[in-house]
Amino acid sequence: MKKMLLLGTIAILAVACGNKAKTENENAKTGQNAEYTQYLDSLKADNNLKITMGKVPVTIVGKELKVGDKIKEVPLVVNSKLDEKNIFEDKNIKVIYTAPSLDTKVCSLQTKQLNEAAKKYPNVKFYSVTVDTPFAQERFCTANEINGLKAVSDFKYHQFGIQNGFFVKEKGLLTRALTILDENNTVKYIEYVPEEGKEANIDKALKFLENNLIKK
């Protein structure tokens, strides 16, 4: 009888401790969520961009990136080992395609188109920047033979999107935009796509690249 009472007491204590740990974990998670919500609330739009997602207006954080601006050189995650790199440190012309996710119809299609363009312009660096995890990016690139364009991720800190005017506040994603930088990382061409479900005008951007930045 004493043995049964002892076992019952131990079981009650174990459940109580387990519930306490669970409660502490839940409280910690709630606190983290509250802090992140407060952080998001502090982010403001300092631009006149009119961008919609599914025809619903969204907020693009920060200033609109314009021709003549220097891009802010924020390190991005470049592989599934989670290595970070400043992709802007070299002296190459760069085509930067920001998008919500590679795993959507429009993003997938345009990434493939830019990958083909990258093969035509070997002295230009082509990048796709999303907040997809590097693991998802690697799977997509392997499955679709993406080997001219480099997919890099802003998933870790979102600072590339926030500091350069690409971050969608309500969704935690990057807005669809196509940017061309010269050798000094000055913006020479940029298109913000007004509706996320629409495509960027890749043909127009490549024509600009060829006529204005490629040395004949």
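Among contacts in the protein between residues at least 6 apart in sequence, what percentage join residues at least 24 apart?

A: The share is 65%, where contact means heavy atoms within 4.5 Å. This is a predicted model: local features need pLDDT of at least 70, side-chain atom pairs count only at pLDDT 80 or more, and totals for chains, interfaces and linings use all residues. Residues are numbered from 1 along each chain as its sequence is written, and side-chain values use heavy atoms, leaving out hydrogens and water.

The protein has five helices and 13 strands. These are DSSP runs numbered from the N terminus: helices are H or I with at least four residues, strands are E with at least two. Of its 216 residues, 43% count as buried. Buried means under 20% relative accessible area, exposed over 50%, and partly exposed in between (1.4 Å probe, protein chains only).

Now the rings. A pair of aromatic rings is described by the distance of the centres and the angle of the planes. Rings of Phe, Tyr and Trp (its six-membered ring) pair if their centres lie within 6.5 Å; planes under 30 degrees apart are stacked, over 60 edge-to-face, and the rest tilted. The model has four aromatic pairs by this rule. In one, phenylalanine 166 and tyrosine 192, the centres are 5.8 Å apart and the planes at 40°, so the pair is tilted. Phenylalanine 166 sits in the loop between helix H4 (159-164) and strand S10 (167-168), while tyrosine 192 belongs to strand S13 (residues 187-192). The two are 26 residues apart, so this pair links distant parts of the chain. Both phenylalanine 166 and tyrosine 192 are buried.

Strand S13 also holds tyrosine 189. Tyrosine 189 forms a tilted pair with phenylalanine 208, at 5.3 Å centre to centre and 40° between the planes. Phenylalanine 208 lies in helix H5 (residues 202-212), so the pair ties together parts 19 residues apart in sequence. How much cover does each partner have? Tyrosine 189 is at 9% relative accessibility, so it counts as buried. Phenylalanine 208 is at 23%, so it counts as partly exposed.

There is also a cluster. Phe88, Phe160, Phe166 and Tyr192 form one aromatic cluster. Phenylalanine 166 and tyrosine 192, the tilted pair at 5.8 Å, are thus among its members.
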